[in-house]
Amino acid sequence: MSNDKQDVPGGASFSCSCADTNRRQLLAATAVVGGAVGVGTAVPFVASFLPSERAKAAGAPVEVDISRLQPGEMMTVEWRGKPVWIVRRNKEMLESLKKSETMLADPGSSRSDQPSYIKGMARAIKDEYFVCVGICTHLGCSPTAKFVPGAESGIGDDWPGGFLCPCHGSRFDLSGRVFKSMPAPDNLVIPPHTYLSDTRLIIGEDTKGA
Amino acid sequence: MSQINALVDKGKEVLGWVDERFPLSSLYKEHLAEYYAPKNFNFWYFFGSLALLVLVNQIVTGIFLVMHYKPDASMNGAGIPVAFASVEYIMRDVPGGSFIRYLHSTGASAFFIVVYLHMFRGLLYGSYRKPRELVWLFGMGIFLCLMGEAFFGYLLPWGQMSGWGAQVIVNLFSAVPVIGPDLSVFIRGDFVVSDATLNRFFAFHVIAIPLVLLGLVSAHLIALHEVGSNNPDGVEIKKKKDARGIPIDGIPFHPYYTVKDIFGVSIFLIIFAAVVFFAPEGGGYFLEFNNFVPYDPMKTPPHIAPVWYFTPFYSMLRATTSDFLPALWALVVVVAGLSFVSCKNVWVRRLCALVAVGTYWGFFGLTVFGKTPALFDFDLLGVHFGKGLDAKFWGVAMMGGSVLLFAFLPWLDQSPVKSIRYKGGLYKTILSLFVVSFILLGILGTKAPGYAFFGVIPGEPVAAVCTLIYLCFFAFMPWYSRLDKTKPEPERVTWK
Amino acid sequence: MKLLNKLLCVAALLGAALGTPLAQAATELKLDKAPVSFSNASLQNGAKLFVNYCMGCHGASFLRYNRLTQIGLTEQQIKDNLMFSTDKVGEQMKIALRREDAKQWFGVAPPDLTLVARARASESGTGADWLYTYLRSFYRDDTRPTGWNNVVFPNVGMPHALWSLQGEQEARLVTKDDGHGKKVTEIEKLEVVKPGLLMPEEYDAQVADLVSFLVWMGEPSQETRRGLGWIVLAALGVLAVLAYLLKHAYWKDVH
């Protein structure tokens with residue numbers, strides 16, 4: 001170190017002594033503590049990006065009256081700012097679930113986000129009423145209902161009826177199960193829900209063990 | 001006459017006073033009067049100064065828009081979101097407001113047109129090559145900031161395209177393994193695109209990114225003026241200097257290029273004004289029709305597409321499905337193999353092998369090209385080791401990566417010449433294919449999935465092929481740029 | 001530069017390919033060209049129709065009543081003939097209908113119509129064309145809760161608000177081969193089965209006026225904007241000529 005004296009700056013009132021260990025130690029310590037203070041200061045700024053208490057509080061369950069829903073129709077309710085669909089499936093629609101089975105990526109819903117009491121291909125508490133979050137598992141668009149099967153749908157002759165996402169063309173059957181080779185990786189999410197009576201449904205809450 | 005002389009003396013005195021305190025004259029000389037630019041600039045060299053003009057337009061119009069705009073997603077008395085209504089307030093109730101708003105919205109598209117042409121100029125004449133690597137990298141930074149500005153700004157009108165566009169792009173981040181879902185909540189500040197999202201995007205759009213952008217633009221210009229401008233012949237004018245040390249083929253930027261750029265600006269302004277006054281919607285490409293409907297988080301419009309300047313990259317995202325991964329892996333293997341063969345360094349060779357194996361696992365997991373079930377699966381923090389990573393993640397990686405690929409150009413291009421004028425047929429063919437692919441991807445990105453050209457040529461395979469061509473342009477550049485039969489560069493620039 | 005020319009040619013061809021009407025998929029709409037007129041007579045008639053037939057449910061909450069002076073009405077005329085929900089002429093054209101109630105009644109809240117002509121533009125045609133075709137394409141459909149359906153907007157929530165003028169139309173169905181050997185049923189045309197107050201041509205003219213008003217309302221300053229545009233272009237043209245001469249005056253010493 002002391003050999004590179006020729007590079008050391010100096011003037012009339014100062015001369016640099018480079019190999020000063022005391023200086024080095026202080027420099028390192030100052031840098032470490034200063035850095036720690038800097039990181040500490042960043043914490044509240046980064047944390048402010050997280051959802052606020054107000055946003056967290058907005059997730060209350062919603063009650064729905066499904067008495068006016070006709071077979072073959074669907075309704076949409078808002079839960080946590082997201083659309084939740086309730087589809088009242090008729091016989092043909094339930095029948096179509098079997099037909100679509102071979103075209104699906106995950107027919108058994110093994111990697112899907114759904115409550116433990118949702119099972120089988122109907123993915124519903126009552127087969128007739130299908131409840132799911134109407135948000136595509138790809139990038140969060142809301143798919144469009146395409147209930148008409150076959151060529152008339154404009155999707156394809158073998159279309160069994162279901163949902164089509166307008167953004168990237170992911171297709172789902174009438175149980176919200178995704179077709180093979182679609183941009184969406186998973187089946188549509190089923191929210192926790194439970195029946196208060198035959199015609200009243202609560203979304204966002206379930207009775208434990210039901 | 002003596003009065004005028006007295007005035008001139010007075011002026012010199014004032015200038016002297018300033019110069020003792022601030023390097024005004026030397027800055028002026030360094031960047032304008034004694035910055036020597038090659039005399040053979042052509043049409044393509046207008047776009048740098050035009051980009052600066054559009055930047056100033058965006059900043060000035062932006063400041064005035066902020067005076068009236070309200071980033072507020074709550075509903076007003078008529079059931080319209082306040083943010084959406086405040087844009088219409090600007091359009092109708094603020095005197096001159098519609099003009100300022102159209103200047104800003106048209107300016108956004110004009111910015112990308114100008115910047116894409118500016119970057120294409122770089123591709124044509126090798127402006128990214130030594131010693132201008134940092135000019136190019138600062139430029140890449142500007143391009144990324146611009147994309148950020150466009151994305152954050154697009155949420156502000158709070159229309160259907162604003163909301164759903166933000167929803168899709170923010171959800172891209174949820175594809176990142178392990179931290180993804182939390183990351184997208186972190187970006188939105190809520191579980192859905194909401195008021196919190198609107199407010200932070202507003203902050204990014206009006207202050208955070210513009211500050212970074214201005215810094216990068218300064219760095220871009222300082223770096224450029226340090227090394228000097230390239231030119232259509234790609235030869236260094238600094239190699240041939242006269243007795244005074246001035247490049248023989250250089251002319252002072254001011255007045256020669258200032259007057260030339262004023263002419264360029266006036267032509268640009270004619271086109272710009274024609275759009276602002278006669279077609280501010282740009283046929284639905286500059287202002288999307290669906291964005292005249294307030295954001296409804298319950299209903300995605302039947303056809304959503306990003307604004308045109310994002311569509312080439314968006315198309316590549318869409319093309320990256322699980323069916324596409326085998327082709328992508330084949331490309332990775334060929335590039336890794338070529339690097340392995342042409343590089344003797346053992347660490348580079350190990351890296352090549354690692355990349356080939358790693359991407360195989362990432363694409364297909366422990367399966368045979370994704371066609372067979374996984375040998376076994378084991379799940380750690382949501383990553384399925386047997387199945388590899390989702391095609392969704394690779395789509396996102398593709399979109400980000402395809403933008404960043406431009407940053408590697410200075411090191412990928414191994415041609416002995418810089419300018420297209422002296423490059424051979426091979427390079428010209430590949431560049432043409434690249435440009436055609438880029439445009440086709442852009443067109444496809446504006447269309448709904450399932451679109452077919454002329455109703456018969458299905459869009460998906462076209463997008464897949466174009467994506468591969470786009471990638472090949474970069475991936476094989478080190479080899480084809482060396483194979484290319486180039487012509488000898490001239491000693492001096494060609495002029496008239 | 002040869003390459004550049006080639007590239008530009010390719011780009012131009014692609015642009016042309018994009019611009020030409022493509023062979024549309026079956027779902028694409030065929031829209032009639034709307035005869036939009038910005039004459040004061042048309043716009044005033046359109047305003048009257050809008051206030052009488054649309055504003056029961058739809059607001060135009062970005063438009064102030066006194067803007068209508070721009071289409072040749074005096075403030076007194078506006079107050080006397082068009083304002084029912086307010087007495088302040090600077091007020092916006094809002095409606096009293098509550099969104100929650102509307103949602104209950106129609107399933108969806110009737111949208112605000114100020115910007116509808118801009119929002120309804122698509123690759124199939126301008127927003128005006130869409131509106132013009134839509135308002136003439138209602139037909140009787142007993143399967144719908146309102147008893148009405150629409151060719152342009154299938155299963156629309158809105159009943160036919162102008163039916164007293166147009167009368168009632170019914171759909172004539174036709175069964176066709178879809179080219180893949182399957183039979184599909186399509187609507188061939190609509191027929192007026194119960195005439196309304198107006199003859200079909202008269203009705204079309206009324207709709208055209210209403211649509212003109214909706215287009216005007218989307219951006220009331222659009223004609224001023226275009227008018228100003230010519231002046232700006234002329235000024236910039238002069239600037240370009242001067243800038244060209246200036247450039248030449250300087251560049252003559254570059255050799």
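Reader: How many salt bridges does the structure hold over all chains?
Author: This is a predicted model. The structure holds 31 salt bridges over all chains.

Reader: Which residue forms a salt bridge with A:Arg88?
Author: A:Glu128 does. The closest N and O atoms are 2.8 Å apart.

Reader: Where do A:Arg88 and A:Glu128 lie?
Author: A:Arg88 is in strand β3 (residues 82–88) of chain A, and A:Glu128 is in the loop between α3 (91–100) and β4 (129–133), so the pair ties together parts that are 40 residues apart in sequence.

Reader: What else is in that loop?
Author: A:Arg123 lies in the loop between α3 and β4 of chain A. Its phi is near 45°, a positive value in a residue other than glycine.

Reader: Switching to chains B and C. How many salt bridges are found across the interface?
Author: The rule finds 3 across the interface of chain B and chain C. The side chains of B:Glu281 and C:Arg118 meet in a salt bridge, at 2.7 Å from N to O.

Reader: How many residues are in contact there?
Author: On the chain B side, 56 residues. They are in contact with 51 residues of chain C.

Reader: And what area is buried between chain B and chain C?
Author: About 4,600 Å². Carbon and sulfur atoms give 72% of that area.

Reader: Which three residues supply more than any other three on the chain B side?
Author: B:Arg92, B:Phe277 and B:Phe278. They supply 17% of the area that chain B buries against chain C.

Reader: At what angle do α5 and α10 of chain B pack?
Author: About 130°, with the axes 9 Å apart. Helix α5 covers residues 97–125, and helix α10 covers residues 253–278. That angle makes α5(B) oblique to α10(B). Their crossing is right-handed.

Reader: What about α6 and α9 of chain B, how do they cross?
Author: At roughly 160°, with axes that come within 8 Å. Here α6 is residues 133–155 and α9 is residues 195–227.

Reader: Why is α6(B) called roughly antiparallel to α9(B)?
Author: Because of that crossing angle: angles over 145 degrees count as roughly antiparallel. α6(B) passes α9(B) in a left-handed crossing. The contact has 21 nonpolar, 7 polar and 1 charged residues.

Reader: And α7 with α8 in chain B, what is the angle?
Author: About 140°, with the axes 8 Å apart. So α7(B) is oblique to α8(B). α7(B) passes α8(B) in a right-handed crossing.

Reader: Which residues make the contact of α7(B) and α8(B)?
Author: From α7(B), B:Gln167, B:Val170 and B:Asn171. From α8(B), B:Ser184, B:Ile187 and B:Arg188. They divide into 2 nonpolar, 3 polar and 1 charged.

Reader: Last topic, prolines. Is the bond from B:Lys130 to B:Pro131 cis or trans?
Author: That peptide bond is cis, with omega near 10°. B:Pro131 sits in the loop between α5 and α6 of chain B.

Reader: And from B:His254 to B:Pro255, cis or trans?
Author: The peptide bond from B:His254 to B:Pro255 is cis, with omega near 10°. B:Pro255 is in helix α10 of chain B.

Technical notes
Residues numbered from 1 in each chain as written. Chains lettered and ligands numbered in written order. Predicted model: local features only at pLDDT ≥ 70, side-chain atom pairs only at ≥ 80, totals over all residues. Heavy atoms only, no water. Axes fitted to C-alpha atoms, helices over the stretch in contact; angles between N-to-C directions. Helix = DSSP H or I, 4+ residues; strand = E, 2+ residues; numbered from the N terminus. Parallel < 35°, antiparallel > 145°, perpendicular 65-115°, else oblique. Left-handed = near helix turned anticlockwise from the far one by under 90°. Contact = heavy atoms within 4.5 Å. Nonpolar A, V, L, I, M, F, W, Y, C, P; charged D, E, K, R; others polar. Buried area = accessible area lost by both parts, 1.4 Å probe. Salt bridge = Lys/Arg side-chain N within 4 Å of Asp/Glu carboxyl O.
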